Amino acid sequence: LPMISAAHIEVERWDGTLASRERVHCPSVAVLRERLSSLDGDRIDSVWVELDGVGALSIGGGPDKFIAVSFPADGSSSHVETNSHEPKSVELQVGGQVGVYPGVMILSAALASAIAEYFLLQGEFDPSLRWVQDCPPE
């Protein structure tokens with residue numbers, strides 16, 4: 001298992017168009033769950049988990065619909081897709097902007113939390129999920 005000290009958790013907060021990032025000093029599953037539960041899709045719309053040498057995972061949205069995007073150290077990015085029963089498209093605020101996301105990208109709070117916890121504890125993006133590449137490696 002990787003040293004958990006190599007992990008960082010950050011929360012993105014919005015005040016109008018101004019963003020601030022709050023870094024968590026003692027990353028743990030309990031802290032991660034608490035931060036994820038604060039996602040409201042308005043003032044707080046993304047939680048980042050970064051692992052040195054591995055990359056970053058962003059869980060965005062809230063309060064009850066989420067997306068997960070991976071940013072591995074190779075410069076690529078991918079998102080998780082599921083066999084979701086959501087409508088064809090769902091509006092979510094992520095990173096301060098409201099976007100329309102395909103229903104297959106929409107995750108429940110429980111699944112989004114499980115994806116983030118796996119990444120934090122196992123030190124890798126969960127290989128059992130369907131990761132769809134958005135950008136190729138640099």
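**Figure 1. Helices and strands of the predicted model.** The protein holds 2 helices and 9 strands, where helices (H or I, at least four residues) and strands (E, at least two) are DSSP runs numbered from the N terminus. Along the sequence, these elements follow the pattern β-β-α-β-β-β-β-β-β-α-β. The radius of gyration, taken over C-alpha atoms and compared with a globule rule of 2.2 Å times the number of residues to the power 0.38, is 14 Å, close to the 14 Å that the rule gives for 138 residues, so the protein is as compact as a globular protein of that length. Along the principal axes, the C-alpha atoms fill a box of roughly 40 × 35 × 30 Å. This is a predicted model, in which local features need pLDDT of at least 70 and side-chain atom pairs count only at pLDDT 80 or more, while totals for chains, interfaces and linings use all residues. Residues are numbered from 1 along each chain as its sequence is written, and side-chain values use heavy atoms, with hydrogens and water left out.

Figure 2. In one of them, Arg21 is paired with Glu10, and their closest N and O atoms are 2.8 Å apart. Arg21 belongs to strand β2 (residues 18-24) and Glu10 to strand β1 (residues 7-15), so that the pair, 11 residues apart, links distant parts of the chain. Residues are called buried under 20% relative accessible area, exposed over 50%, and partly exposed in between (1.4 Å probe, protein chains only); Glu10 is buried, at 10%, whereas Arg21 is partly exposed, at 40%. Glu10 and Arg21 also take part in a network of salt bridges with Glu12, Arg23 and Glu50. The side chains of Arg13 and Glu22 form a salt bridge with an N to O distance of 2.9 Å; Arg13 is partly exposed, with a relative accessible area of 33%, and Glu22 is partly exposed as well, with 25%.

**Figure 3. A salt bridge between the two helices.** Arg33 and Glu117 meet in a salt bridge whose closest N and O atoms are 2.7 Å apart. Arg33 lies in helix α1 (residues 29-37) and Glu117 in helix α2 (residues 109-122), so the pair ties together parts that are 84 residues apart in sequence. Of the two partners, Glu117 is buried, with a relative accessible area of 13%, while Arg33 is partly exposed, with 47%.

**Figure 4. Pro102 and its surroundings.** Pro102 is part of strand β8 (residues 97-102) and is partly exposed, with a relative accessible area of 35%. When its neighbours within four places in sequence are left aside, Pro102 is in contact with Lys88 and Ser89, contact meaning heavy atoms within 4.5 Å. From C-alpha to C-alpha, Pro102 and His25 are 34 Å apart in space, and they are 77 residues apart in sequence.

Figure 5. Of the 138 residues of the protein, 46% count as buried. Among the contacts with a separation of 6 or more, 55% come from residues 24 or more positions apart.

Methods. A salt bridge is a side-chain nitrogen of Lys or Arg within 4 Å of a carboxyl oxygen of Asp or Glu.
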